[in-house]
Amino acid sequence: MVYITGDTHGEFARFRHPLLKKATADDVLIVCGDFGFFWSDSRQEQKLRQKLTALKYTVAFVDGCHENYDLLEQYPIGEYCGGKARIIAPNVVHLLRGEVYTICGKRFFTFGGGHSQDFEFRSAEHWWEREQPSYEEILHGAETLKQYDNRVDYIITHEPPASLKDCLRVDTLQRLEMHAFFEDLVQMCSFRAWYFGKCHMNRHVPIKYYAMFDAVLPIRDTAQPKGKRKGEKTHHADDTGNGNHS
């Protein structure tokens, strides 16, 4: 079974979600960016990473806007489920930009990265330009999809397509080359569902887009993601309302 969740920001509680209590070595939890367990490399953070490696299931994540890329890039790139990935531990994997993985019999196209709203305040110490995907990475993603005739089962990103930003009323003025690429994917790619994490909300945008935050959703489940931030109502994305983001 494959499960999907949104940004974890270094908080371990998500991995104790009730749906994951019976997860086994055959199961995978995919995190849609801002994993956050590679940030300060403090002793506490190192202990949390050890706890991740003790989980029975696999944790696979795309990078987001709040990652320490210097730390991540110390880990070797290997093969995972048919694509290239950084192997943190046997059960902890960084899914790279523009790769396709066959997980539990389904094809997943992954493309992490994004744009920090607070980069001006973090630039002196905790901001990496590499969080924003390069033109070469976008080309690589396009070429990878061509190898699969632009057909995958699921798309996992941190940022949403530009049109979804407008729909969700989040970062509506922000446009990067990556967002144009994602709009191209909407038009040219065949996929069953697209999951993204940046908007910090649990919403289903009909028919096949899912904004993920603290919900944990089985990949086979096409229902609205359950779970909400404290004090936040959970509802469909075609309702009005703003979401918090990073």
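## Terms and model

Helices (H or I, at least four residues) and strands (E, at least two residues) are DSSP runs numbered from the N terminus. The structure is a predicted model, in which local features need pLDDT of at least 70 and side-chain atom pairs count only at pLDDT 80 or more, while totals for chains, interfaces and linings use all residues. Residues are numbered from 1 along each chain as its sequence is written, and side-chain values use heavy atoms, with hydrogens and water left out.

An open sheet is formed by 7 strands in the order 4-5-6-3-2-1-13, with mixed pairing; two strands pair if DSSP finds at least two bridges between them. The edges are held by strand 4 (77-80) and strand 13 (216-218), each of which has a single partner strand, so one side of each is left without a neighbour in the sheet. From one strand to the next, the twist averages 35°, where axes are lines fitted to C-alpha atoms (for helices over the stretch in contact) and angles run from 0 to 180 degrees between N-to-C directions.

Within this sheet, strand 3 (residues 58-62) and strand 6 (residues 92-95) run parallel and are joined by 4 bridges. The bridge partner of Val 62 in strand 6 is Leu 95.

Strand 9 has parallel pairings with two strands: 4 bridges link strand 9 with strand 8 (residues 106-111), and 4 bridges join strand 9 to strand 10 (residues 193-196). Phe 111 has Thr 157 of strand 9 as its bridge partner, and Ile 155 has Trp 194 of strand 10. From strand 9 (residues 154-157), Tyr 154 and Ile 156 point one way, Ile 155 and Thr 157 point the other way, and all are buried, that is, under 20% relative accessible area with a 1.4 Å probe and protein chains only.

## The largest pocket

A pocket is an open set of points, on a 1 Å grid over the protein atoms alone, where a 1.4 Å probe fits, with protein on both sides within 12 Å along at least five of seven lines; lining residues have an atom within 4 Å of a point. The largest pocket holds about 290 Å³ of space. Its lining has 14 residues, and Arg 86, His 94, Leu 96, Arg 97 and Glu 137 lie nearest the centre.

Strand 5 (83-89) and helix 4 (135-147) each supply at least two lining residues. Helix 4 provides the largest share of this lining, 3 residues.

## The second largest pocket

The second largest pocket contains about 150 Å³ of space. Its lining is made up of Asp 7, Thr 8, His 9, Glu 11, Ala 13, Arg 14, Phe 213 and Asp 214.

Terms used:
Points joined across faces, edges and corners; volume = space filled by probe spheres on them. Buried < 20%, exposed > 50% of the residue type's maximum accessible area, 1.4 Å probe, protein only.
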